[in-house]
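Keep the picture in view and follow along as we go.

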Amino acid sequence: MNETKYMIECITRDLILKLMSDKDMNIQEAVDTLYNSDTYEKLKDTRTGLYFQSTGYVYDYLNKELLTGKMQ
């Protein structure tokens with residue numbers, strides 16, 4: 001596994017755990033929420049560099065997307 005993919009997977013795991021704790025979601029809801037988000041699409045796109053940011057930084061984008069319906 002390359003380093004970039006590993007970083008994306010670690011942030012993905014952390015975001016799912018954060019959704020479960022902050023939003024009181026079960027694991028399936030959290031996975032579905034993340035995987036269907038624009039934030040996750042940007043995270044997977046290595047050209048954005050989002051994978052290189054902290055989980056908290058990415059979670060802020062995800063949270064705003066969940067509140068407003070779009071990534072800001």
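**Starting at D24**

D24 counts as exposed, because its relative accessibility is 68% (exposed means over 50% relative accessible area, buried means under 20%, and partly exposed is in between, with a 1.4 Å probe and protein chains only). Before we move on, a word on what you're looking at: this is a predicted model, where local features need pLDDT of at least 70, side-chain atom pairs count only at pLDDT 80 or more, and totals for chains, interfaces and linings use all residues. Residues are numbered from 1 along each chain as its sequence is written, and side-chain values use heavy atoms, with hydrogens and water left out.

So where does D24 sit? You'll find D24 in the loop between α1 and α2. D24 has a positive phi of about 55°, even though it is not a glycine. If you skip the neighbours within four places in sequence, D24 is in contact with L19 and E29 (contact means heavy atoms within 4.5 Å). Now look for N2: D24 and N2 are 22 residues apart in sequence, and from C-alpha to C-alpha they are 32 Å apart in space.

Next, step along to helix α2, which covers residues 27–35. Which of its residues are buried? They are A30, V31, T33 and L34. These residues cover an arc of only 165° around the axis, so they lie on the same side of α2 (the arc is that of the directions from the helix axis to the C-beta atoms). And what covers the buried residues of α2? The cover includes α1 (3–22), α3 (38–44) and α4 (55–68).

Time to zoom out. The chain has four helices and zero strands, in the pattern α-α-α-α along the sequence (helices, H or I with at least four residues, and strands, E with at least two, are DSSP runs numbered from the N terminus). With a radius of gyration of 11 Å, close to the 11 Å that the globule rule gives for 72 residues, the chain is as compact as a globular protein of that length (the radius is taken over C-alpha atoms, and the rule is 2.2 Å times the number of residues to the power 0.38). The C-alpha atoms fill a box of roughly 30 × 25 × 20 Å, taken along the principal axes.

How much of the chain is tucked away? Buried residues make up 32% of the 72 residues. As for contacts with a separation of 6 or more, residues 24 or more positions apart account for 53% of them.
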